[in-house]
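User: I'm new to reading protein models. Could you take a close look at the place where the two chains meet and walk me through it?

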Amino acid sequence: MSWTCEQIEASLSEYLDGLLGEGARREFDAHANHCDRCGPLVARVSGVVSGLHRLELLEEPPQLAAIILDKTLGPKKQKLSWRSAFEWLRLLSRPRFAYSAVSIADFRPANLYRAADRQVHLVYARGSKFVADLRVVYEIQSRLRPQSEPGTGLENKKLPQNSPDNPPGMTNGPQRNQPRELNRADQLHPELSVLASALPSAYERSLP
Amino acid sequence: MEQDAQLVQQCLRGNSSAWEELVRRHTRRIYNLCYRFTSNRSEAEDLSQEVFLRVYRTLASYRAIHGGFTTWMTSVTRNLLIDHYRRTRRDRLTDSLDDAMPKLENKESAARRPDQHAVLGELSGQVQRALRKISPDLREAVILRDLQGLDYQEIQQVLQVPEGTVKSRINRGRIELAKVFEQMGLRPE
C-alpha cells in the first residue's frame, strides 16, 4: 500500500535526517517522485534545510568572552614583571623628556659647588644636634639608675610556682595574698623629682 | 563532550583556567543561539552573559551521567530565553508595523540583486528574518536542530517534551520556514 500525501508531509523531516528505515524510505521515494504536490514540497524543504546547515556560526563580539570572565572570575589582575617594573625608565630615554630635564637642571660649576657645600653643612649640623640629644638622654638615664635599681621590688616578689601535681606551665591559680599588679604610680614621684633636678644642668651643657 | 565534563570537574576544584576554557569553547554557540532567537545582537550579548553567569553559579548541579554539558548548557540558555521572551512580549506587540517594512525591502532587493543572495552572510540575514515569522515553539526546534546541530534526543532533553512532539515541531517548523521563504521570494539553496 503506497503512502498518502499526509504521511509524506508528516515523515518529511525524518526522511531528510535519514531516520526512516529502508522500506519506509522506498515508499516515501515512490510517492514523492510521482506526486505533483509532494515532490515540490520535498524539494523546497530540503533546500531550506541544506541552506541552514551551510550557515556558519556568527562571530560573537570580540570582548564578550572577556566580559563574561570578568563577571564570573572578577577583573583580571595585570601580572607584574621585571619589564613592567622598569617601564618608567623608558620614559627617560624619550627625547622630549631628556630635553626638558636638561633645560630644568643647572649644570654650572659655581652653582654645583654651592649646592654641595650647603648639603655638607646641613649634614654636619644635623649630626652634631643628634649627638648632643643623645648625651642629654644618657645623662638622664645615668641619674635615674641608682634610684630605680633598689626600688623595683621584683627580687622580693614571690613568683607563682609550678605545682608538682600539675603539668609544666600550669600554676596553682591566682595568688590571693599578692597584688595582681604593682602600682607604678607610687614610684613615679621620686623619679620625676630627679628628672626635674637634672634637666636644667643638662640643658645648659647642650648649649654651644 | 568528555573534555567538557573534565573541565567542569576542574572548575569545581577551583581551577579558573578550566572555566576560561569552557567559556571560550561555548561563547560563540551560546551567542548564536541567543541571537537566532532574539534577532538582536545587543540582547544576544546581554543574554549570553546572563547564561554564563547562571551556568557558573549552578555548575555544581551539572551531572555528566544525565547528558552532555552542551545539552545542559543549552537547557539553561533556553530557560533564560523563555524568561526573556515573556518579559519582552509586550514590546514586540508594538513592533508589528516594523515587521512589514523588511518584507517589502526583501522582495525589492530579491528582484534587483538575485546574484548576491548566494552569499552566506546574506543568507544568514534571510534566515533570521524568516525565523521571526514562525511561532517560538517551532522556531526553537528548528534552531536547535538545524543551526545548533543537536540530535532529536538532545532536543527532547532541552525542551522537556516527548520525542513525538520534538519530531513534529521540527517537521512543522521546517515546512513553515520553507513557506515563509517562498512568500519572501527567496530561495536559500
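This is a predicted model: local features need pLDDT of at least 70, side-chain atom pairs count only at pLDDT 80 or more; totals for chains, interfaces and linings use all residues.

Analyst: Here is a tour of the interface, followed by a few details around it.

Residues are numbered from 1 along each chain as its sequence is written, chains are lettered from A and ligands numbered from 1 in the order in which they are written, and side-chain values use heavy atoms, with hydrogens and water left out.

Let's begin with who touches whom. Chain B brings 39 residues into contact with 35 residues of chain A (contact means heavy atoms within 4.5 Å). The size of an interface is often given as the accessible area lost when the parts come together. For chain B and chain A the buried area is about 3,600 Å², and carbon and sulfur atoms give 66% of it (buried area is the accessible area, with a 1.4 Å probe, that two parts lose on being put together, summed over both). On the chain B side, B:Arg28, B:Gln49 and B:Arg174 lose the most area to chain A, together 16% of what that side buries.

Now for the polar links. Between the chains there are 14 residue pairs in polar contact, with both residues at pLDDT 80 or more (a polar contact is a pair of N or O atoms within 3.5 Å; within protein, one must be able to donate a hydrogen and the other to accept it, and residues adjacent in sequence count only if both atoms are side-chain atoms). Which elements of chain B give two or more residues to this side? They are α2 (16-38), α3 (41-57), α7 (120-131), α8 (136-147) and α10 (163-183) (helices, H or I, of at least four residues and strands, E, of at least two are DSSP runs, numbered from the N terminus). The largest share, 12 residues, comes from α2(B). By type, the chain B side divides into 19 nonpolar, 7 polar and 13 charged residues (Ala, Val, Leu, Ile, Met, Phe, Trp, Tyr, Cys and Pro count as nonpolar, Asp, Glu, Lys and Arg as charged, and the others, Gly among them, as polar).

Charged partners meet here too: the count between chain B and chain A is 5 salt bridges (a side-chain nitrogen of Lys or Arg within 4 Å of a carboxyl oxygen of Asp or Glu). One salt bridge joins the side chains of A:Arg44 and B:Glu182, at 3.5 Å from N to O. Another links B:Arg174 with A:Asp17 at 3.2 Å. B:Arg174 lies in α10 of chain B and A:Asp17 in the loop between α2 (12-16) and α3 of chain A, so this pair joins two chains.

A:Glu14 sits in helix α2 of chain A. Its side chain makes a polar contact with that of B:Lys167 at 3.3 Å. Leaving out residues up to four places away in sequence, A:Glu14 touches A:Leu19, A:Leu20, B:Tyr152 and B:Lys167.

The axes of α4(A) and α8(B) come within 9 Å and cross at roughly 65 degrees (axes are lines fitted to C-alpha atoms, for helices over the stretch in contact, and angles run from 0 to 180 degrees between N-to-C directions). Here A:Val49, A:Leu52 and A:His53 meet B:Val142, B:Asp146 and B:Leu147.
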